[in-house]
Amino acid sequence: MNTVASGSAAGMGVEIDDVQSGALRPRPVPYEGKFIFLRVDERHAGRALLRRLLPVTAGGLPGVDRSKDAWVALAFTYQGLSALGVRQESLDSFPRAFREGMAARAELIGDVGESAPAHWRHRSERAMFISR
């Protein structure tokens, strides 16, 4: 296990192997990325998908084998974590901005005019739904 000491509290550290690799290294050049948006409608099916994705989700610092310099990264919304069954106590620990979501904070973060949520593609046009 790779651990890096944290400057915020004595004895605390970050377990590097638990951090997705995309947050620890620059994107390769040239870079190509694909985004797949999923909505969890059924908790058990969503968790089953996550179990299948974990082995291909890269974590930690990059290895020396550049032929494997590709990774899968996962990101979640507050609503997604809730649908997966994350305990309310944990959900409540997130910052208000994350709990509210981007659409609710559109004006504050500059998503106005052509960038306003009304112009975002409808979620069902680009999402896969995880259900039985």
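How many aromatic pairs does a search of the whole structure find? The search finds one. The views below come from a predicted model.

**Figure 1. Overview of the protein chain, with six helices and four strands.** The order along the sequence is β-β-β-α-α-α-α-α-α-β. The chain has 132 residues, and 17% of them count as buried. Among contacts with a separation of 6 or more, 55% join residues 24 or more positions apart. The chain exposes about 10,500 Å². Carbon and sulfur atoms supply 55% of that area.

**Figure 2. The aromatic pair of Phe94 and Phe98.** The two rings are tilted, with 45° between their planes. Their centres lie 4.8 Å apart. Phe94 is partly exposed, at 30% relative accessibility. Phe98 is also partly exposed, with a relative accessible area of 28%.

**Figure 3. A salt-bridge network links Arg96, Glu100 and Arg105.** Side chains of opposite charge can pair when their charged atoms come close. Arg96 meets Glu100 at 2.6 Å, N to O. Both residues belong to helix H4 (residues 96-100). They are four residues apart there, so about one helical turn separates them. Glu100 also forms a salt bridge with Arg105, with the closest N and O atoms 3.3 Å apart. Arg96 is exposed, at 56% relative accessible area. Glu100 is partly exposed, at 32%. Arg105 counts as buried, at 19% relative accessibility, because the limit for buried is under 20%.

**Figure 4. The salt bridge between Arg39 and Asp41.** The side chains meet at 2.9 Å, N to O. Arg39 is partly exposed, with a relative accessible area of 42%. Asp41 is partly exposed as well, at 42% relative accessibility. The salt bridges of the model number three.

**Figure 5. Asp111, a buried acidic residue without a salt bridge.** Asp111 sits in the loop between helix H5 (106-109) and helix H6 (123-126). The nearest side chain of opposite charge is Arg105, 9.6 Å away. A salt bridge needs nitrogen and oxygen within 4 Å, so Arg105 does not pair with Asp111. Leaving aside residues up to four places away in sequence, Asp111 touches Ala106, Ala116, Pro117 and Trp120.

**Figure 6. A nonpolar surface patch of Met102, Leu108, Ile109 and Trp120.** Together these residues have about 430 Å² of accessible area. Leu108 belongs to helix H5. This leucine is exposed, with a relative accessible area of 63%. Trp120, one of the patch residues, is also among the contacts of Asp111.

Notes
Residues are numbered from 1 along each chain as its sequence is written. This is a predicted model: local features need pLDDT of at least 70, side-chain atom pairs count only at pLDDT 80 or more; totals for chains, interfaces and linings use all residues. Side-chain values use heavy atoms; hydrogens and water are left out. Helices (H or I, at least four residues) and strands (E, at least two) are DSSP runs, numbered from the N terminus. Buried means under 20% relative accessible area, exposed over 50%, partly exposed in between (1.4 Å probe, protein chains only). Contact means heavy atoms within 4.5 Å. Accessible areas come from the Shrake-Rupley method with a 1.4 Å probe; for residues, only the protein chains shown count as cover. Rings of Phe, Tyr and Trp (its six-membered ring) pair if their centres lie within 6.5 Å; planes under 30 degrees apart count as stacked, over 60 as edge-to-face and the rest as tilted. Patches are made of residues with over 30% relative accessible area and no salt bridge: like charges are joined within 9 Å, nonpolar side chains (Val, Leu, Ile, Met, Phe, Trp, Tyr) within 5 Å.
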